[in-house]
Amino acid sequence: MRAPSRPLALTVLASAMLMTVLDGSIVTVAMPAMQADLGFTPAGLSWVVNAYLIAFGSFLLLAGRLGDLVGRKRMFLAGTAVFTAASVLAAVAASPGVLIAARFLQGAGSAMSSAVSLGILVTLFTEPRERARAIAVFSFTGAAGASLGQVLGGLLTDALSWNWIFFINLPIGAAAIALAARALPADRGLGLRAGADALGALLVTAGLMTGIYAVVRIEEYGAGSAHTLGLGALALALLTGFLLRQRRAATPLMPLRMLRNRSVAGANLVQLLMVAPLFAFQVLTALYLQQVQGYGATATGLAMLPAALVIGAVSLGAAARLITRFGERAVLLTGITLLIGVLGLLTRLPVHASYVTDLLPVMLLAAGFGLALPALTALGMSGADEADAGLASGLFNTTQQIGMALGVAVLTTLAAARTETLDAAGRTAAEALTSGYRLAFGVGTGLLITALAVAATLLRPRAGAPKPEVVIAA
């Protein structure tokens, strides 16, 4: 009975992740239609994205630990139910306030299910080769889902209406709940007494929420403003208080042994440096195609589809075998090197670009993400035992979300500042925009080079650790 349930369980986990990732990107294409229909102000429209990001990033760590305490299956089912119900509320929203509230609830539900998904996966697939394959499938849904979301969002919005980008979650969510109830392994959890640290939960949630709020408002207030620096300092103080609390608490919410594991700490740092420029790449490239090259919503999604396809092909077809043969570190370093090529090529973007010669090679090099993310995920979960699997999963997802928010906020702000300067100097709009994007891609390239150096330094195999199994393909 156990063997047949594992592929079904992986399908459920991957489908839930795909739904979450699609929802994060599908909204961006439909935002102009939402603004016209519901009467959003330009400043208010950003909260369709910000409300989701703040809730999602803030609750991941807490949800992951609660999953360890009350049962990861229960947390997954509850989170998927909240997300599905909130999607229906968003679909029928008739005012900006209702839509923003629904998006916040969607973010909270996504955090509850996403935070424990990796924890369920690594406890379900314990054999190294099977785990590598399962992580590759799971990583593909996260890496390629964002690109697919842009295509689907454009098609649904153009053919039907923006409401359908939320209605589509209802049948997917209902199916995921029904299948998860049968396929996911039941676990009782450690019990709340093993980590019932209410003050710690308050400190970490408030700290993350304050920090993410400060990050998503950087574009409006500026990185050096009193608003940004003040909230950043408050977030840092709250998170520092949380860490101090965990050292002293009899039943800590997050045992600090997790952060002392070199693979876990190194993988989370590399992910922060890697995800920040790569998520910004997706946003900035879409803006470049629309604002400089004149692409529409659907055409933009189709132009970026090759990246999703090569990421999927590499994740599902090669990553697991390469990890089994050469080890996570070697595959990670190779993937990051390819990704440096992605952003490095974009630093030379012309105003009048040819898709085939200037952009298609970039999309194909994105295959590096299909190598890097599964290897990094395996490293990030490598130090978690069964009792802490939900916490490790929540920590890894939290780092990912903070990196995404930071990358978009900082790099789009840099691009906008360069564009404004060149506008004032009399350059054409297309030239000013392109120069701003090139600057952002240059900074992103530097972050990826730093990620490569950190991975090469911190993620060295420990002396005496078992070497990767060498498998010769038939």
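Start by selecting helix α11, residues 226-248, in this predicted model. How far apart should its ends lie? At 1.5 Å a residue, the 23 residues of α11 should span 33 Å. While α11 is still selected, colour its buried residues: Thr228, Leu231, Ala235, Phe242 and Gln246.

Now zoom out and show the whole protein as a cartoon. You are looking at 20 helices and zero strands. Of the 474 residues, 53% are buried. If you draw the contacts between residues at least 6 apart in sequence, 85% of them join residues at least 24 apart.

Next, select α4 (residues 72-91) together with α8 (residues 169-183). Their axes are 9 Å apart, and the two helices pack at an angle of about 165 degrees. Angles over 145 degrees count as roughly antiparallel, and α4 and α8 are therefore roughly antiparallel to each other. The crossing of α4 past α8 is left-handed. To see who makes the contact, show side chains on both helices:

- On α4, pick Lys73, Phe76, Leu77, Thr80, Ala81, Phe83, Thr84, Ser87 and Val88.
- On α8, pick Asn169, Leu170, Gly173, Ala174, Ala176, Ile177, Ala180 and Ala181.

Coloured by class, this contact shows 11 nonpolar, five polar and one charged residues.

Hide those and bring up another pair, α13 (residues 262-291) and α20 (residues 429-458). What is the angle between α13 and α20? They pack at about 165 degrees, with axes 9 Å apart. This pair, α13 and α20, is therefore roughly antiparallel, and α13 passes α20 in a left-handed crossing. The residues of this contact divide into 20 nonpolar, six polar and one charged.

For the last stop, centre the view on Leu379, which sits in helix α18 (residues 367-380). Is Leu379 buried or exposed? With a relative accessible area of 9%, Leu379 is buried, because the cut-off for buried is under 20%. Leaving aside residues up to four places away in sequence, select what Leu379 touches: Ser263, Val264, Ala267, Glu328, Leu332 and Leu459.

Key: Residues numbered from 1 in each chain as written. Predicted model: local features only at pLDDT ≥ 70, side-chain atom pairs only at ≥ 80, totals over all residues. Heavy atoms only, no water. Axes fitted to C-alpha atoms, helices over the stretch in contact; angles between N-to-C directions. Helix = DSSP H or I, 4+ residues; strand = E, 2+ residues; numbered from the N terminus. Parallel < 35°, antiparallel > 145°, perpendicular 65-115°, else oblique. Left-handed = near helix turned anticlockwise from the far one by under 90°. Nonpolar A, V, L, I, M, F, W, Y, C, P; charged D, E, K, R; others polar. Expected span 1.5 Å × (residues − 1). Buried < 20%, exposed > 50% of the residue type's maximum accessible area, 1.4 Å probe, protein only. Contact = heavy atoms within 4.5 Å.
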